[in-house]
Amino acid sequence: MVALTAATLPTIDRVPVPGYDRSQLRVGIVHLGVGGFHRSHQAMYLDRLMNQGAARDWAICGVGLMPGDETMARVMTAQDCLYTLVLKHPSGALEPRVIGSIARYLYAPQEGQAVLDQLADPDVRIVSLTVTEGGYHYNPATGELDPSAPQLQHDLAHPSRPESAFGYLTEALRRRRAAGTAPFTVLSCDNVRGNGELAKRMVTAFARLQDEELAAWIETSVTFPSCMVDRITPVTGDADREALAQHFALEDQWPVVAEPYTQWVLEDDFPAGRPAWENAGVQLTDDVEPYELMKLRLLNASHQALCYLGYLAGYRYAHEVSTDPLFVDFLLRYMEQEATPTLQPVPGIDLVAYRHQLIERFANPEVRDTLARLCAESSDRIPTWLVPVIVENLSNDGPIECSALVVASWARYAEGVDEDGAPIEVVDRLRDQLMAAAAAYPRDELAFVRDRTLFGSLVEEPRFVDAYRRHLRSLHEVGARETLQALVR
């Protein structure tokens with residue numbers, strides 16, 4: 001058994017390791033919010049380039065912003081920022097590779113000044129983000145910045161000691177401007193529509209609350225390219241660590257597991273330069289939006305379409321739901337009849353094949369993506385992934401039955417009890433208010449959808465209200481499975 005560190009790399013013979021000298025890497029990218037997805041996706045693409053002999057001056061400095069990142073910081077320090085990416089093939093085959101593109105890791109709650117120093121370094125030309133949908137602090141109903149979050153309030157009061165991603169970005173850009181250092185490019189890699197434009201609006205709005213001149217400079221001088229990212233990356237479990245040790249004699253405290261499929265479509269707008277990502281399989285384009293809408297409304301919204309109903313019906317994993325013919329019929333109906341008509345033409349993509357490929361990906365039994373993970377933080381997901389589909393179909397007199405059922409199933413799930421009476425652990429930043437609204441049924445059948453920050457004016461749309469009310473009643477009276485059968489038959 002070999003414990004993964006820089007010193008032990010030469011002794012690892014059953015897993016591919018970096019074929020480049022990591023001591024020669026220079027940090028060119030700072031990434032805020034290092035989680036499983038970043039390690040299975042962006043860091044992997046960069047590792048590909050480095051193994052080709054390129055991008056040695058584009059190594060990543062990872063930054064953990066949240067108190068919960070302390071464990072990641074400990075592991076990354078112990079393992080010299082090395083980790084194993086294990087691809088899980090449907091056949092059961094495991095394909096591991098040690099990734100070495102992260103050269104440094106900083107835990108912001110304890111190393112805030114070092115983070116600011118790194119961000120101000122002229123060698124850093126890109127700062128990328130995976131801070132989740134909620135990390136953008138915007139009101140989905142108005143599209144404006146909501147500065148009421150405690151982190152943002154702290155950063156407005158103490159700009160030189162930031163806690164939030166926006167606080168670090170703004171203070172670092174202020175320091176670079178004062179020093180005459182060119183700004184870095186801000187690259188959002190989160191699952192939100194127009195992630196680059198959203199990041200620009202929110203960062204600029206936050207900066208404007210501190211310094212109007214700085215905000216104007218950011219608006220005109222900093223680029224915020226958009227991108228579409230895709231790879232199903234479930235939470236790493238003890239079984240994944242044990243499998244790596246058992247089959248490959250490698251001890252890794254925090255490997256990352258993922259499906260084999262990966263995609264990255266990136267707007268090419270990097271004035272300060274970028275790695276040659278196109279040589280690692282990234283698709284560069286002038287217009288990300290068609291790909292982004294395809295992914296958000298077909299893949300991401302379909303995850304929501306299966307997770308609540310699947311959980312209520314007794315399933316606990318995505319692959320279980322995705323091999324049930326009833327659920328497959330429902331997912332395909334949603335994708336074909338409701339989501340696809342709201343999309344733009346997607347260059348180079350066969351949408352029929354893409355929809356069926358999604359079902360195959362969801363059904364990969366080795367990934368073991370939990371429904372609980374997919375159900376978490378729904379208040380950040382449904383408003384940006386599914387509500388726009390409903391709004392567009394209402395305006396075009398298109399079908400909404402499947403989408404209305406998904407919203408109703410979220411409301412039923414948020415009651416915190418499944419169909420067998422077992423408790424459901426609702427994980428959401430708005431947990432208390434969601435559960436209170438869900439609990440108002442049947443006294444107030446529409447309580448859950450009255451929240452305009454989540455659903456806009458849907459509660460005023462008779463066609464949506466009728467479908468939502470029918471489906472919610474059915475979920476209570478006959479359960480998820482019979483409700484689905486009545487819809488798809």
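Q: What stands opposite leucine 85 in E5?
A: Arginine 97 does. Keep in mind that this is a predicted model.

Q: Which strand pairs with E5 there, and how many bridges join them?
A: Strand E4, residues 83–88, is joined to E5 by six bridges, and the two run antiparallel. Another opposite pair is tyrosine 83 and isoleucine 99, the latter in E5.

Q: How many residues sit between the strands in that hairpin?
A: The hairpin of E4 and E5 has five residues between its strands. Glycine 92 in this hairpin has a positive phi near 100°.

Q: What sheet are E4 and E5 in, and in what order do its strands come?
A: An open sheet of three strands, ordered E5-E4-E11, with mixed pairing. From one strand to the next, the twist averages 25°.

Q: Which helices lie across it?
A: Helix H2, residues 42–51, lies across E4 and E5 and runs at about 75° to E5. Helix H9, residues 238–248, lies across E4, E5 and E11, at about 95° to E5.

Q: Is H2 mostly covered or mostly open?
A: Mostly covered, with eight of its 10 residues buried. The buried residues include Met44, Tyr45, Leu46 and Asp47. Just after H2 comes glycine 53, which takes a positive phi of about 90°.

Q: Okay, new topic. Which strands form the parallel sheet?
A: Five strands, in the order E6-E3-E2-E7-E8, form that open sheet. Its edges are strand E6 (102–107) and strand E8 (185–188); each has a single partner strand, so one side of each lacks a neighbour in the sheet. Neighbouring strands here are turned by 25° against each other on average, direction ignored.

Q: How many bridges are there between E7 and E8?
A: Four, in the parallel sense, with strand E7 covering residues 126–129. Valine 127 has valine 186 as its bridge partner in E8, and isoleucine 126 stands opposite threonine 185 in E8.

Q: Are the faces of E8 covered or open?
A: Both faces are covered. Thr185 and Leu187 are on one side, Val186 and Ser188 are on the other, and all of them are buried.

Q: What does helix H4 lie across?
A: Helix H4, residues 108–120, lies across strand E2 (27–32), strand E3 (59–64), E6 and E7. Its direction is about 130° to E6.

Q: Moving on to H21. Which of its residues are buried?
A: In helix H21, residues 480–488, the buried ones are Ala480, Thr483, Leu484, Leu487 and Val488. Looking down the axis of H21, these buried residues fall within an arc of 115°, so they line one face of the helix.

Q: And what covers them?
A: The cover includes helix H10 (289–312), helix H12 (325–339), helix H17 (401–413) and helix H20 (462–477).

Q: Where does serine 302 lie?
A: In helix H10. Serine 302 has a relative accessible area of 0%, so it counts as buried.

Q: What is it in contact with?
A: Apart from neighbours within four places in sequence, serine 302 is in contact with Leu331, Tyr334, Met335 and Phe362.

Q: Which helices supply the lining?
A: Helix H7 (195–208), H10, helix H15 (382–385), helix H16 (387–395) and helix H19 (452–455) each supply at least two residues to the lining of the second largest pocket. H19 gives the largest share, four residues.

Technical notes: Residues numbered from 1 in each chain as written. Predicted model: local features only at pLDDT ≥ 70, side-chain atom pairs only at ≥ 80, totals over all residues. Heavy atoms only, no water. Pairing = 2+ DSSP bridges. Axes fitted to C-alpha atoms, helices over the stretch in contact; angles between N-to-C directions. Contact = heavy atoms within 4.5 Å. Buried < 20%, exposed > 50% of the residue type's maximum accessible area, 1.4 Å probe, protein only. Arc of directions from axis to C-beta.
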